[in-house]
Amino acid sequence: MLRLHSPLRGWCARLDETPDEVFAQRLLGDGVAIDPTGDTLYAPCDGEIVSVATSRHAVALRAENGAEILLHVGIDTVALGGQGFQALVQAGERVKRGQPLLKFDLDVLARGAKSLITPILITNGDQFSVAEACVGMSVEVGDALLNVVSAASQADSASGAAGQEETLSFAVPLEHGIHARPAALIANFAKAQNHEITVSSHGRQANARSAVSLMSLGVKHGDEVALVASGAGARAVLEQLKALVLGIHEAPHAPDAVQAAAPSVSSAPKGGAAHASDRSDTVDATAVTNRLRGVIASRGLAVGRAVTLKDAEIAVVEAGRGIAHESAEFERARDEVRVRLNQLAQHSQGAAKEVITAHLEFIDDWELVACARRAISRGKSAAFAWRRAVRDSADTLRALGDPRMSERVDDLIDLESQVLLALSGEAPVTIPSLPERSILVAEDLKPSQLVSLDATKLAGICLAAGGPTSHVAILAAAMGVPALVALGPAVNAIADGAWLVLDAEQGTLSISPDQIALAAAEQTLAQRRQRQQSERAAAHVDCRTADGQRIEVFANLASIAEAQVAVTHGAEGCGLLRTEFLFLDRDSPPSEDEQLHQYQSIAGALDGRPLVVRTLDIGGDKPIPYLPLPAEENPALGLRGVRTSLWRPDLLRVQLRAILRVQPTDQCRVLLPMIADPAEIRAVRRMLDEVRRELSLSTQVQVGAMIETPSSAVIAARIVREVDFLSIGTNDLTQYTLAMDRGHAELAHRIDGLHPAVLHLISMTVNAADEHDKLVAVCGGLASEPAAVAILIGLGVRELSVVPTLVPQLKSLIRTLTLESCQSLAQRALAMDTAEAVRALANEAMTPAALA
Ligand code: PEP
Ligand code: MG
């Protein structure tokens with residue numbers, strides 16, 4: 001089956017509505033007709049141009065499956081003799097779907113032709129027929145228009161033969177199943193194909209072009225899905241889609257995030273002076289008169305005045321004011337919201353950007369938009385049609401009972417009101433200017449409302465409804481704003497301007513507390529701010545232990561935004577740029593120039609500080625859609641890191657060229673992941689020398705090896721001879737040493753880099769490097785754990801590369817340590833039997849007294 005995509009923007013009608021008997025009676029072939037509102041005709045599919053009329057008003061195209069398509073702009077336009085038409089292609093040329101074919105002057109045509117309506121026909125109807133045409137609705141260029149089915153396949157299916165339908169079934173390995181991000185990736189892939197792809201699971205079916213429909217399938221980890229498509233090349237398309245799904249990488253920052261979060265929970269110091277104020281971070285409970293209990297969505301403490309937010313109900317009328325009017329309004333409102341979201345996306349990052357990206361995905365969701373257009377074509381108002389489409393999808397997602405999907409429901413409902421507001425001509429509900437120290441009080445909050453707030457004035461958020469894993473919760477945490485949700489309806493009675501103490505450490509909201517309670521909360525806040533301020537103030541000063549040992553604190557990066565955060569938090573450079581994360585969400589490898597642009601921008605953001613660029617670490621738990629690897633029984637032990645690069649030297653060469661082109665030429669260092677022996681380093685070095693010659697570079701580039709396999713640690717003395725520095729990746733070193741998958745949920749609590757075996761390998765590595773006077777850094781998650789820092793320093797590590805925002809805290813911790821106490825702690829740790837024992841020792845030692 002061949003899918004044709006709309007070659008024009010406009011209103012799609014049945015051929016019968018064409019004011020010309022030849023077309024209306026399908027004498028030239030079956031198809032549809034579009035009344036255009038755009039002035040360019042685009043290719044509806046890939047193919048070859050068979051002919052362009054001498055009067056340039058019509059183009060005939062042969063698709064790859066042999067279907068011949070006539071695109072005839074306007075009726076009786078031949079009489080214009082080419083006036084107002086410009087041909088952009090010629091006969092014999094191969095074209096891609098979406099490529100412009102003709103340009104025309106709508107004014108000239110409107111004046112000179114009988115009608116602008118443009119028939120799109122299949123002219124070899126003996127071999128092909130038209131199925132599932134989208135008529136009676138407005139269409140955008142590229143929208144699905146109709147399906148062309150070959151007579152042979154119809155005959156096959158009529159006779160019960162298998163025909164050309166292909167099915168590919170597999171179990172979904174994604175940890176969270178097909179949730180929003182995988183759904184969006186699948187939909188984007190499917191939209192770019194000529195084949196109609198159906199995804200089925202649990203007895204339900206979804207059009208692969210619609211992220212919302214895909215999510216509605218409720219596919220969870222391990223569930224079986226079947227991909228179905230028909231027509232020539234269908235198998236290959238399904239294979240590609242399968243590879244894409246299998247290659248989706250979940251939670252790229254998980255290791256860092258888990259380990260960075262750990263100190264505040266599992267390794268909390270027992271009375272350590274450096275963190276003494278943590279214990280007084282709660283509010284005195286006795287003095288509070290009016291207190292509500294809620295669920296913690298973003299940790300912290302806030303004191304401020306209530307700013308209440310009440311959402312206005314948007315009135316929606318069911319009956320439309322004419323199909324053309326409502327269609328135009330629908331497109332206008334979506335355009336308006338899309339433009340605003342794109343603007344917001346440019347200025348946001350992290351979790352806020354994710355929310356906006358989800359909204360952008362949904363606003364053009366194939367199924368949602370088609371549903372709304374169908375309702376409009378049945379005479380409903382655009383607002384009614386959109387609300388119905390959104391609510392139906394939201395209900396289906398809600399019925400799945402999956403908390404991840406509830407977040408998507410929030411997004412859908414949020415987007416529903418954005419479009420309804422645009423249709424009503426009202427401005428989106430944003431809170432005007434917030435006074436200083438505002439605590440926002442609302443029934444619920446939409447992500448779009450939160451991202452439009454001035455975070456500098458927002459002290460906290462209390463919601464009557466909401467959940468701790470909602471987008472608003474994630475956003476609030478990313479913005480550093482304490483938040484409580486599910487406080488119940490009593491929240492709605494809070495008066496504007498009332499004093500509030502929001503304790504999102506204990507889960508309580510105190511309304512109009514007395515002076516004593518207020519003062520206590522203020523004091524706690526002041527202490528906490530002071531501690532963070534002094535850490536931040538000292539973050540830019542070189543870091544030394546109390547007895548003067550210099551320790552460099554670098555940052556691990558995966559984006560330009562993180563580079564900026566790292567610099568403001570006092571990072572001395574980037575010790576690990578995970579380049580694979582710069583190029584995750586794409587289906588083709590990044591070009592040399594694209595890579596150069598990214599690396600150069602990060603180098604610029606680091607403002608001269610060293611930038612350690614790790615070559616693509618693809619494979620294992622980091623598969624990449626554009627590089628499907630051969631099926632492997634155990635990917636963690638297969639092609640990954642430098643092995644993948646040497647398996648695809650073309651990709652490595654492009655990357656090395658991009659790194660070496662960064663200016664100034666000595667800012668970047670090259671780091672090689674997953675080194676197992678010196679031969680791998682020599683192979684990369686040979687290519688580096690070639691690239692340097694190609695680029696006529698006289699400067700040497702520093703090369704480092706990651707120590708993240710036990711083999712490399714054991715023969716570190718030989719590895720180190722080949723390189724300028726070593727960097728220990730404790731995440732993988734732990735996984736391979738303990739033979740425990742770093743992504744294994746059951747084993748998660750046991751995969752601990754403080755295991756004595758891992759510490760012994762670190763120690764061996766440092767000793768080998770010391771003998772050759774080479775630097776050893778630790779860039780794995782262990783370096784971001786306060787409890788582990790003293791041990792690493794005691795083992796001889798002199799450079800840590802950590803989560804960017806933790807730089808100030810870690811530097812201030814290091815300044816309380818002495819080298820001698822760290823060394824003695826490290827020796828005791830090496831003698832322990834288990835990770836638990838080392839961790840207990842490390843936590844105990846967090847008090848300066850124990851380290852003295
Ligand atoms: C590591 O393994 O510790 C490391 C830093 O590399 P990644 O986490 O990217 O595999
Ligand atoms: Mg690693």
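In this predicted model, Pro-664 is found in the loop that runs between helix H19 (649-660) and strand S30 (668-672). The peptide bond that joins Gln-663 to Pro-664 is cis, with an omega of about -10 degrees.

Two further loops contain residues with a backbone angle worth noting. Arg-56, which is found in the loop between strand S5 (47-52) and strand S6 (58-63), has a positive phi of about 55 degrees although it is not a glycine. With a relative accessibility of 30%, Arg-56 counts as partly exposed, because that class covers values between the limit for buried, under 20%, and the limit for exposed, over 50%. Asp-76 lies in the loop between strand S7 (68-72) and strand S8 (85-87), and its phi, near 60 degrees, is likewise a positive value in a residue other than glycine. The relative accessible area of Asp-76 is 39%, and Asp-76 is therefore partly exposed.

The metal site comes next. The magnesium ion (ligand 2) is coordinated by Glu-708 through OE and by Asp-732 through OD, at 2.0 to 2.2 Å. Glu-708 lies in the loop between strand S31 (703-707) and helix H21 (710-714), whereas Asp-732 belongs to helix H23 (residues 730-738), so the pair ties together parts that are 24 residues apart in sequence. Glu-708 is buried, since its relative accessible area is 2%, and Asp-732, at 2% relative accessibility, counts as buried as well.

Two pairs of helices in contact were then examined. Two packed helices are described by the angle between their axes and by the distance between those axes. For helix H10 (residues 366-377) and helix H11 (residues 382-399), the axes come within 8 Å and cross at roughly 140 degrees. This angle makes H10 oblique to H11, because only angles over 145 degrees count as roughly antiparallel. The crossing of H10 and H11 is right-handed. On the side of H10 the residues that take part are Leu-368, Cys-371, Ala-372, Ala-375 and Ile-376, and these meet Ala-382, Ala-385, Trp-386, Ala-389, Val-390 and Ser-393 in H11. Sorted by class, the contact of H10 with H11 comprises 10 nonpolar residues and 1 polar residue, with no charged residues.

In the second pair, the axes of helix H25 (residues 786-795) and helix H26 (residues 807-814) come within 10 Å and cross at roughly 50 degrees. H25 and H26 are therefore oblique to each other, because an angle has to be under 35 degrees to count as roughly parallel. H25 passes H26 in a crossing that is right-handed. Pro-786, Val-789 and Ile-793 of H25 make the contact together with Gln-809, Leu-810, Leu-813 and Ile-814 of H26. The residues in the contact of H25 with H26 divide into 6 that are nonpolar and 1 that is polar, while none is charged.

These details belong to a protein chain that has 29 helices and 34 strands. Of the 852 residues in the protein chain, 54% are buried.

Key. Residues numbered from 1 in each chain as written. Chains lettered and ligands numbered in written order. Predicted model: local features only at pLDDT ≥ 70, side-chain atom pairs only at ≥ 80, totals over all residues. Heavy atoms only, no water. Axes fitted to C-alpha atoms, helices over the stretch in contact; angles between N-to-C directions. Helix = DSSP H or I, 4+ residues; strand = E, 2+ residues; numbered from the N terminus. Parallel < 35°, antiparallel > 145°, perpendicular 65-115°, else oblique. Left-handed = near helix turned anticlockwise from the far one by under 90°. Contact = heavy atoms within 4.5 Å. Nonpolar A, V, L, I, M, F, W, Y, C, P; charged D, E, K, R; others polar. Donors = N, O, S within 2.8 Å, 3.2 Å for Na, K, Ca; no water. Buried < 20%, exposed > 50% of the residue type's maximum accessible area, 1.4 Å probe, protein only.
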